[in-house]
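A short briefing follows, grouped by topic.

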Amino acid sequence: LARAYPDARILLSYRNPFELLVATVLAAQCTDERVNRVTPALFARFPDPGSLAAAPLAVLEQAVRPTGFFRSKARAIGGLSKALVERHGGKVPDTMEALTGLPGVGRKTASILLGGVFGTCALPVDTHVGRVAFRLGLTASKDPDRIERDLAGAIPEGEWWNFATRLGWHGRQVCVARAPRCGICGLSGACPKAGVARTR
C-alpha cells in the first residue's frame, strides 16, 4: 500500500480544521468531489463557526442541497457550529471526546480531524476502509467501531493514519465495491477474496 499510494491524503479541500470538519460532515453518502464543488461558496459566505451558526436553516439547506440529505446536514453543520462557539470559543477541539460531543460528529469524522489536522494517531473507518479490510480478512465485522478495533490491534499505532488513508485510496481505485479490479491489485496474493469478491 505504501508503494502504491505514497502520496495518499485527504481528498476533501480545506484550509483549516473548521472547514475540514464541515466538509467531512457533508461528505456522508456523497462523493468528495461533489463536496469540493459546494464548499468554496459555502465558506466564502460563512467563513467561521460564528457566521455559520447564525445562518438561517433554510439558507444552509439550499447551500448544501447538492450533497444530498441536505436537511439533516444543514442542521448538523449549524448545530456543530453553534456548539463550537458556545463550548469551545469558536475553535475546533482536538480530542475524540470533545469532537464526538458535537452534533453530527461520529468517530469517523473525529478521527479524520485528529489524524488530518492535529497529527494524532487515528484510524478513520469509512465505507472504503471497511470494505477492503473485510475482503483482506483483517476483520470479520461490518460494524465500523469493531472494524476500527480490529485494525488498531493489527497495525502499529504510529501507522494507523497512513494505513487507513492508503486503504481508502485502494478501495476507491482498485478494490471497488461492485467490480473489484483483482487483476491489477498488488495485494491479490494475500487476499482471501481475490477473484471472488463481489460484495462487502
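Two residues are in contact when they have heavy atoms within 4.5 Å of each other. Among contacts in the protein chain between residues at least 6 apart in sequence, 58% join residues that are at least 24 apart. The model is a predicted one.

**Overall fold**

- The secondary structure of the protein chain consists of 10 helices and 0 strands.
- Read from the N terminus, the order of elements is α-α-α-α-α-α-α-α-α-α.
- The C-alpha trace of the protein chain spans about 55 × 30 × 30 Å along its principal axes.
- A compact globule of 200 residues would have a radius of gyration near 16 Å, so the 18 Å of the protein chain agrees with that expectation.

**Surface and interior**

- Of the 200 residues in the protein chain, 44% count as buried.
- The protein chain exposes about 10100 Å².

**Finding empty space**

- Rolling a probe the size of a water molecule over the atoms shows where empty space is left.

**The largest pocket**

- The largest pocket has a volume of about 830 Å³.
- It is lined by 34 residues, and those closest to the centre of the pocket are Ala-27, Asp-32, Lys-108, Asp-126 and Arg-172.
- Two or more lining residues come from each of these elements: α1 (17-26), α2 (32-45), α5 (70-88), α7 (107-116), α8 (127-135) and α10 (160-173).
- Which element gives the most to the lining of the largest pocket? That element is α10, with 6 residues.
- By class, the lining of the largest pocket has 16 nonpolar, 11 polar and 7 charged residues.

**The largest cavity**

- How many cavities of 30 Å³ or more does a search of the whole structure find? The search finds 1.
- The largest cavity holds about 110 Å³ of space.
- Its lining is made up of 16 residues, and the closest to the centre of the cavity are His-170, Cys-175, Cys-182, Cys-185 and Cys-191.
- The lining of the largest cavity divides into 11 nonpolar, 2 polar and 3 charged residues.
- Cys is counted as nonpolar in this division.

Methods. Residues numbered from 1 in each chain as written. Predicted model: local features only at pLDDT ≥ 70, side-chain atom pairs only at ≥ 80, totals over all residues. Heavy atoms only, no water. 1 Å grid on protein atoms, 1.4 Å probe; cavity = no way out; pocket = protein on both sides within 12 Å on 5 of 7 lines; lining within 4 Å. Points joined across faces, edges and corners; volume = space filled by probe spheres on them. Helix = DSSP H or I, 4+ residues; strand = E, 2+ residues; numbered from the N terminus. Rg over C-alpha atoms; globule rule 2.2 N^0.38 Å. Buried < 20%, exposed > 50% of the residue type's maximum accessible area, 1.4 Å probe, protein only. Areas by Shrake-Rupley, 256 points an atom, 1.4 Å probe, with all protein chains shown as cover.
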